[in-house]
Amino acid sequence: MTDAPGGSWSADAAPGGGGAPGRTVTLIDLLRVPLHRIRLVAGVAAVGLLAALGYVLLVPSAVTANAVVAVRPVVTDAFTPSGASADRAVNMNVESGIATGTDVVQRLVDATGQDQRDVRDALEVEVPTGGQILRFLYTANSPEDAVAGVNLAAQAYLDVRRGMYERQREDMLRSYDESITKVQAQQTALQRRIASAREGAVDAAVAELAGVNNQLTQLSSARTEIAAVDVNPGWVTRKAEKALVAAGGNRPLYLLAGLLGGTLLGIVLAYVWESVDRRIRSVDDGRDATGLPLLGTVRSKGLRGSRHAVDADIRYVGMAIAERVREPARVALLSTREDPTVMTAGLAVALAATGREVYVADDSGRLERLRAEVLAGLGRLPAAANPAGPVVPKPREGGAASVDDVTEVITVRRPSPHPTPRPSTDPDATMTLPRVASGAPPASGKSKVKTTADEVPVGAGSVRFGTWRQRAANGLVLFNAPPAEADERGVAAARQGTAVVVVEQDRTRQGDLRRLAERLRAAGVTPLGFVLTRTGRG
């Protein structure tokens with residue numbers, strides 16, 4: 001099934017036999033799908049909002065506390081200006097690695113009892129550019145746990161760093177002690193050699209002893225400086241406090257993210273649903289699906305989805321149909337799955353008001369509803385189109401009143417078993433009652449609706465009701481066809497005359513409408529056109 005049916009139906013075909021020119025897709029066309037699927041979009045957005053709300057209420061909020069540690073370089077003389085000396089600088093990348101290392105994490109694991117991976121995910125260390133500062137961040141489910149965790153992490157880093165410096169100092173002191181012990185042993189040996197040396201070798205031994213004493217003095221001085229070094233790695237300049245922690249500060253963002261995410265997902269689902277179940281959204285969609293000209297657009301009164309149509313729109317459609325048909329004519333109003341009863345009744349009133357004898361046929365048990373719609377439309381006709389007639393017939397001039405001039409209102413009247421071949425056409429002859437004719441058609445083959453008082457005067461014309469078999473031989477016959485997807489009688493009736501396709505915006509499916517157009521084409525029916533009604537709901 002093609003998207004653009006060709007043939008003689010296509011009113012937009014190019015003169016050279018080419019296809020219809022492509023239609024520009026505007027922003028309104030893109031927004032039309034989510035707007036008509038607004039219930040789906042709103043439902044998915046509500047689900048996203050509820051999911052975010054459930055997450056906020058059920059999942060504990062993440063609270064982050066922070067503490068600041070000033071890193072101190074360890075030097076031999078803290079009171080000597082260093083200038084650009086390298087011993088005053090600290091490699092902050094190394095310090096950051098130590099702050100998030102195994103020793104610090106293990107202390108947090110021992111203190112909190114959490115899993116090591118959870119602790120690593122909760123602990124974060126930031127290093128400001130150009131400064132010797134470490135900012136510890138710790139995330140927990142409660143302010144108390146966050147404050148305790150970040151303070152413990154900062155203190156654990158200082159303890160670990162101090163332990164590393166102390167071990168380095170002990171190693172250096174041990175090395176100095178070993179060197180001093182060796183030098184002292186040399187000193188003792190030289191002293192013994194001097195005591196037992198001969199007179200010529202004493203000077204050399206004394207000079208060597210002086211060098212050993214000088215070396216021992218330097219080692220002792222260096223050891224003293226190393227032992228006096230302050231190995232404090234820094235201080236906690238700002239501890240975390242519970243009063244400074246804001247719990248649940250990002251909860252509104254979760255709700256907003258849930259709402260926006262649900263809305264976007266709803267829009268995507270709306271487009272997916274539209275691609276699977278495409279509906280007629282505009283006149284262009286109806287023209288592309290059927291290849292028929294537009295007879296008119298009928299709007300609905302009041303809120304969207306109301307079944308009451310604007311009478312002026314129906315009258316314009318009636319004018320378009322009257323321009324294309326010549327009486328006697330038989331017009332079938334076809335739809336795919338919808339009920340065209342309101343449109344049929346409205347067209348009957350509009351066509352009868354201009355002086356036509358309209359016969360409304362229905363084989364699906366909707367005559368009572370048709371009559372009710374016609375009477376309602378009759379009451380809405382303008383005064384110029386529906387001049388009010390007298391309830392009591394006018395007396396005839398120059399003679400006594402006949403039997404047909406009875407002035408009493410007839411409440412019950414049975415049809416004559418022998419109807420006259422030519423019933424009187426005088427509207428003042430009898431009082432008509434709106435009732436459906438029942439029984440088999442008369443032997444003459446003409447409708448007996450008039451004889452059963454099933455005629456409603458409308459303006460200069462009238463509307464009668466009955467079945468398709470009882471249709472009148474003259475005048476205009478409107479067949480209120482059943483849905484074409486379930487019943488073929490509408491297409492069969494259109495073969496004996498013509499058809500008008502009724503399309504409900506946002507309700508008629510494009511696939512059903514194309515299938516109906518193909519069935520009409522295969523049956524040899526050339527419809528007058530299609531009518532777009534804006535009474536559907538997407």
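**Notebook: salt bridges, sheet and surface patch**

I began with Asp 177, which counts as partly exposed at 30% relative accessibility. The model I am reading is a predicted one. I then looked up the partner of Asp 177: Arg 223 forms a salt bridge with it, and the closest N and O atoms are 2.2 Å apart. Arg 223 sits in helix 7 (residues 202-227) and Asp 177 in helix 6 (residues 143-195), so this pair ties together parts 46 residues apart in sequence. Arg 223 is likewise listed as partly exposed, with 27% relative accessibility.

**Further salt bridges**

I noted a count of 28 salt bridges. I next examined Arg 281 and Asp 506, whose side chains meet in a salt bridge at 3.0 Å, N to O. Arg 281 belongs to the loop between helix 8 (251-276) and helix 9 (283-290), and Asp 506 to the loop between strand 11 and helix 14 (510-522), so the pair ties together parts that are 225 residues apart in sequence.

I then checked Arg 515, which forms a salt bridge with Glu 485; the closest N and O atoms are 3.3 Å apart. Arg 515 lies in helix 14 and Glu 485 in the loop between strand 10 and helix 13 (489-495), 30 residues apart. Arg 515 is partly exposed at 28% relative accessible area, and Glu 485 is partly exposed at 24%. Both residues belong to a network of salt bridges that also links Arg 337, Asp 512 and Arg 519.

I traced an open sheet of eight strands in the order 5-12-11-6-10-7-9-8, with mixed pairing. Strand 5 (294-299) and strand 8 (455-458) are at the edges with a single partner strand each, so one side of each has no neighbour in the sheet. From one strand to the next, the twist averages 20°.

I looked up strand 11 (residues 498-504) and strand 12 (residues 529-534), which pair in the parallel sense over five bridges. The bridge partner of Glu 504 in strand 12 is Thr 533. Helix 10 (residues 311-324) packs on the sheet, touching strand 5, strand 11 and strand 12, and its direction makes about 165° with that of strand 5.

I turned to strand 10 and asked how many of its residues are buried. Five of the five are buried, so the strand is largely enclosed by the rest of the structure. Leu 476, Leu 478 and Asn 480 are buried on one side, and Val 477 and Phe 479 on the other. Strand 10 runs parallel to strand 6, with five bridges, and Arg 330 stands opposite Val 477. Strand 10 also runs parallel to strand 7, joined by four bridges, where Val 358 stands opposite Leu 476. Helix 11 (residues 341-352) runs at about 170° to strand 10.

**Surface and totals**

I recorded a nonpolar surface patch of Leu 50, Leu 53, Tyr 55, Leu 57, Leu 58, Val 59 and Tyr 254, with about 720 Å² of accessible area together. Helix 2 (residues 38-58) gives the largest share, five residues. Tyr 55 lies in helix 2 and is partly exposed at 41% relative accessible area.

Definitions and conventions:
Residues numbered from 1 in each chain as written. Predicted model: local features only at pLDDT ≥ 70, side-chain atom pairs only at ≥ 80, totals over all residues. Heavy atoms only, no water. Patch = residues over 30% accessible without salt bridge, like charges linked within 9 Å, V, L, I, M, F, W, Y side chains within 5 Å. Areas by Shrake-Rupley, 256 points an atom, 1.4 Å probe, with all protein chains shown as cover. Salt bridge = Lys/Arg side-chain N within 4 Å of Asp/Glu carboxyl O. Helix = DSSP H or I, 4+ residues; strand = E, 2+ residues; numbered from the N terminus. Buried < 20%, exposed > 50% of the residue type's maximum accessible area, 1.4 Å probe, protein only. Pairing = 2+ DSSP bridges. Axes fitted to C-alpha atoms, helices over the stretch in contact; angles between N-to-C directions. Contact = heavy atoms within 4.5 Å.
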